[in-house]
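User: Please pick one part of this model and take me through it closely. I'd like to see how it ties in with the rest of the chain.

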Amino acid sequence: MSKEYSLVWDLDSIYSGGSSSTELQTALKENKQELDQFVQNVKDWQIPENTDDASTFLILINQNADVARVLLTASSYLECLASADVMDERALELAALVYQHQSILKTAEDEWYEKFAQISDRVWKDILQQNGFEQIAFVLNEARTNRKKKGTKEVEKTINALSVDGYRGWSDHYDTIVSKVRVKVEIDGEIKDLSAGQALNMLNHPKREVRQAVFKAYSNSWQENGRLFADTLNHLAGFRLATYEMRNWENVLAEPLSINRMEQGTLDAMWNVIREHKSTFVSFLNRKAKLLGIPKLSFYDVEAPLVFQGDSKKYSFQEGAEFIIQQFRKFSPKMAHFAEHAFQNRWIEAEDRDNKRPGGFCTDFPVAKESRIFMTYDGAPGTVATLAHELGHAFHSYVIRDEPFENTDYAMNVAETASTFAEMIIADASVKEARTKEEKITLLEDKIGRSIAFFMNIHARFLFETRFYEARKKGILSVDALNRLMEEAQREAYLDTLDEYHPQFWASKLHFYISEVPFYNFPYTFGYLFSLGIYHKAIQEGDSYEDKYIALLKDTGSMTTEELAEKHLGVDLTKPDFWESAVQITIQDVKEFLSLTEDI
């Protein structure tokens, strides 16, 4: 029996004292001085006319990395504090200050990038061939190319300054509103006063009458605050569209595709293949409805557990942790060792308590070279898989911790690859280790539920966000208009299979309000299918694949998505072949489920 693992994380190894930390205050003060020096050095920097001037360029690169590390660490720390306690207003105040510093850094970087975008192609090529530049050549080339697509120095400086009260202001406003959302619902004769996160977890309750009651109260809570959320989303999107207009960007997908280092052809190929096979997953949803004893599923039934005898299986936090470590070890002893380290050193906040934000995340602290995981653990197989998912993110950060800092900023879609790979290991293992037919059906249903989430729920988010931004170009959208847009997207994504939808989903989902990036949806689906291809390869090659997998993760910050797939998997992501083979793996699960439940 291993040491009892705690459900509450330890942040003291990052900064002690919470939002009143003197260590944090000192770090921010010193960092501001270094930031101001970097800003001045950028202004003074002369565009290199030959490779002899490259040494000052390298000094700036290192200084930029030093400043960014501290700001990212402070930002992550404050995000952890605010997520674990939504009443921690001091954490939100300091987070706003850190964002201001990040905005200053971004403005300086834009000015710097503009300068090295003016370096002649011949000198640029020679510089990148020198010692100290080879490993980060991709990132430098990317920054140079992207800067040429942006506005003038004055335009970018204005955008960065306004983004503090634009992007970040509206994103912070969303967090403030969510912290006030309460869901009051009667369950078994008792009135419960739940936070948004607690209510969200109860939508997976095995009893349908509980799910119905919670879903109604949950939806009403978001609807009651609909005007506040609509204002927030409209103005956040409006600021983003105004930014695009200043840069002469017409395609709203241009930025998210660039952020993901991904081609439009890859995105189109992925969604086209998924659309072609959705009918198979409709068969699964219809069979699940039959097993639940209802004519059609509603939105709150899609993720409901199938329970054949008694209560659904539950894992204590200790059991869940040990199961994850055990299954990771079968694929990668290094993953297992890392997971054990994370549990032992209290990198995970999983306690089910009030005043926590809903959802989960993994965040990194580049100065300490550590990560922290935030979630609310309830013992269901789904939350064990979620825990594995977040550990996959942390493992990704762990294996690239000693790469050049510039190469640790990998794209969202490949970030979701490592996490879904880890999640898949657990889901697959759970099904294979089922002791009875009923247990296998239950666990297989939970596993297929991930496909439903990525192929239908995420697709609905993508459709909604695409259409919302196009509509927002013409003006403000009302609560009713946003509800209609959301329900239309859900009906299309689920092939109109459900009896009841969730029109207020746009208000309840944090991902629509993230300041840094729009379209935080399709990277999940990409990561899921991409990791399926990797997982299939890992099964075929066994223990020998561990180092190859780690090599792939190390490359995620230094090449495009298409280059990564070509180098490590030998596939062309702009063609349907890879996506077809990946989707077929999930279809086999559906076929097995339908066969096992045929006579039930």
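Analyst: Let's start with charge: the protein chain has 68 positive and 94 negative charges, and their mean positions lie 2 Å apart. Here Lys and Arg are the positives, Asp and Glu the negatives, with His and the chain ends not counted; each charge is placed at NZ of Lys, CZ of Arg, CG of Asp or CD of Glu. Bear in mind that this is a predicted model, where local features need pLDDT of at least 70 and side-chain atom pairs need 80 or more, while totals for chains, interfaces and linings use all residues. Numbering runs from 1 along each chain as its sequence is written, and side-chain values use heavy atoms, leaving out hydrogens and water.

A bit of setting first. The protein chain holds 24 helices and 5 strands; these are DSSP runs numbered from the N terminus, helices being H or I with at least four residues and strands E with at least two. Its radius of gyration is 24 Å, close to the 25 Å from the globule rule for 600 residues, so the chain is as compact as a globular protein of that length. That radius is taken over C-alpha atoms, and the rule is 2.2 Å times the number of residues to the power 0.38. Of the 600 residues, 57% are buried, where buried means under 20% relative accessible area, exposed over 50% and partly exposed in between, using a 1.4 Å probe and protein chains only.

Asn483 counts as buried because its relative accessibility is 9%. Skip the neighbours within four places in sequence, and Asn483 is in contact with Gln223, Pro503, Gln504 and Trp506; contact means heavy atoms within 4.5 Å. Phe464 is 19 residues away from Asn483 in sequence, with 10.0 Å between their C-alpha atoms.

Follow the chain on from there and you reach Asp496, in the loop between helix 19 and helix 20. Asp496 has a positive phi near 55° despite not being glycine. Most residues other than glycine have a negative phi. At 42% relative accessible area, Asp496 counts as partly exposed.

Which other helix packs against helix 19? Helix 13 (residues 278-292) does: its buried residues pack against helix 19 (479-493), along with helix 12 (264-276), helix 18 (437-472) and helix 24 (576-596). Among those buried residues are Phe281, Val282, Phe284 and Leu285, but also Lys278 and Arg287. Gly293 comes after helix 13, with a positive phi near 80°.

Helix 20 (505-508) brings in helix 7, whose buried residues pack against helix 20 as well as helix 3 (89-116), helix 6 (153-163), helix 9 (208-224) and helix 10 (226-246). On helix 7, the buried set includes Tyr167, Arg168, Tyr174 and Asp175. As for helix 10, its 21 residues reach 30 Å from first C-alpha to last, close to the expected 30 Å, and just after it Asn248 takes a positive phi of about 65°.

Conventions
The expected span of a helix is 1.5 Å times one less than its number of residues.
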